[in-house]
Amino acid sequence: MSVSRFPAERRHTLYHCDEIRATAPVFLDTEVDMSRVQEHRAEARRDGRRYSVVSYVLKASGSVLAAHPEANAAIRGRLRPKVARYATVGGKVTLDKTLGGRRVVLSSVVPKLEQSSLDDVQQHVDRLRDGDPETMPEFEAVRKLHRLPVPVGRTLFRLATRSFAHRPELRGTVAVTSLGHRAVDGFHSVGGTTVTLGLGRIVDRPVVRDGAVVVAPVMRLSLAFDHRVIDGAEAADVLSELKDFLEGYAPEAAPETAAAAEAGAPPAAVAEPAAEESSGKPAAEKPVAQEDAAGEEAVHEAVDARDPASPAPST
């Protein structure tokens with residue numbers, strides 16, 4: 001037997017697990033027929049574009065959570081509990097990375113999912129997946145956290161992550177994590193958000209269509225929800241709508257182009273704003289609460305998020 005100090009590179013995971021102890025998790029899951037998504041991915045690959053399954057789920061989360069403000073929320077406090085509901089959906093995505101020579105889980109938030117296109121989401125995911133965590137600005141706070149004494153690091157982590165005002169950009173309002181790159185059919189995790197989604201692998205399974213049994217690519221989708229914030233009926237609605245979104249997936253028209261077409265404006269009139277939206281720079285956001293303005297930036301983690309069809313993170 002050998003005993004050693006807890007690795008500094010995993011301290012953020014330790015602090016995260018400490019912070020989510022108050023959560024009252026309840027777990028749901030369903031199976032999703034991913035035929036439409038897989039067809040779209042195959043068509044995109046022929047055109048030289050790649051989309052990860054995680055990106056589709058993030059896109060679906062933005063659409064569904066925006067319609068469920070009670071679930072797009074956060075809770076804080078025991079004696080005087082308060083709930084903050086957010087107008088924007090921030091998707092925390094977890095990543096399997098190597099930091100300081102050690103394999104760790106890191107995460108970052110894809111902002112404003114409710115108004116982002118699939119291309120916007122994929123661009124953000126690509127940067128997180130392919131970047132070097134030793135130098136990426138998204139993980140600078142985590143690197144600093146690792147260098148601090150444990151009592152100081154734990155305190156700063158708690159101050160930052162309990163802030164209502166900074167929750168969307170630091171912790172996200174929904175967490176998405178995938179183990180689908182391995183032989184994992186389904187799993188449940190708690191990501192520090194009211195709703196956490198877990199993605200398993202996509203496997204050919206028998207499904208019934210129009211009374212006939214056919215083979216289709218199926219993915220197990222799990223949802224963990226914090227019972228302090230929402231009840232099972234609301235969580236079931238969210239999971240069902242996510243399933244419907246993915247099973248009925250259809251390529252979107254750019255919102256700006258559609259609006260311009262209705263107004264009779266040529267597509268060129270909206271090309272520049274669309275490109276600006278895709279730049280990956282989130283707009284300034286109005287705080288949900290003025291309290292808790294003091295918050296060190298921190299990055300959260302859940303389990304793992306290397307997408308089954310995505311290249312492994314570069315090293």
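Which residue in β3 does Arg-76 stand opposite? Arg-76 stands opposite Lys-82, a pairing shown in the first of the views below, all of which are drawn from a predicted model.

Residues are numbered from 1 along each chain as its sequence is written. In this predicted model local features need pLDDT of at least 70 and side-chain atom pairs count only at pLDDT 80 or more, whereas totals for chains, interfaces and linings use all residues, and side-chain values use heavy atoms, with hydrogens and water left out.

**View 1. The hairpin of β2 and β3.** Strand β2 (residues 73–76) runs antiparallel to strand β3 (residues 82–85), and four bridges join them; strands (E, at least two residues) and helices (H or I, at least four) are DSSP runs numbered from the N terminus, and two strands pair if DSSP finds at least two bridges between them. Five residues lie between β2 and β3, and in the turn Gly-77 has a positive phi of about 100 degrees.

**View 2. The open sheet of six strands.** The strands follow the order β1-β8-β7-β6-β4-β5, and their pairing is mixed. At the edges are β1 (25–33) and β5 (102–110), each of which pairs on one side only, and from one strand to the next the twist averages 30 degrees.

View 3. Strand β7 (residues 195–209) and strand β8 (residues 212–226) run antiparallel and are joined by 13 bridges; Leu-197 has Leu-223 as its bridge partner in β8, while the partner of Thr-196 is Ala-224. The hairpin of β7 and β8 has two residues between the strands, and Asp-210 takes a positive phi near 55 degrees there. The pairing of β1 with β8 is also antiparallel, over nine bridges, and here Leu-28 stands opposite Leu-223.

**View 4. Helix α1 crossing helix α5.** The axes of α1 (residues 11–19) and α5 (residues 140–147) come within 9 Å and cross at roughly 95 degrees, where axes are lines fitted to C-alpha atoms, for helices over the stretch in contact, and angles run from 0 to 180 degrees between N-to-C directions. The two helices α1 and α5 are therefore roughly perpendicular to each other, on a scale that counts angles under 35 degrees as roughly parallel, over 145 as roughly antiparallel, 65 to 115 as roughly perpendicular and the rest as oblique. Arg-11, His-12 and Tyr-15 of α1 meet Val-142, Leu-145 and His-146 of α5, contact meaning heavy atoms within 4.5 Å.

**View 5. Helix α3 crossing helix α8.** The axes of α3 (residues 53–66) and α8 come within 9 Å and cross at roughly 130 degrees, so α3 and α8 are oblique to each other. Among the residues that meet are Tyr-56, Val-57 and Ala-60 in α3 and Val-238, Leu-242 and Phe-245 in α8.

View 6. Among the elements, α8 has the highest mean pLDDT (98) and helix α10 (residues 268–277) the lowest (33). Over residues 254–315 the pLDDT is below 50, although this stretch has 123 contacts in the model beyond near neighbours in sequence. Where pLDDT is low, the predicted coordinates should not be read in detail.

Methods:
pLDDT is the predictor's confidence in each residue, from 0 to 100.
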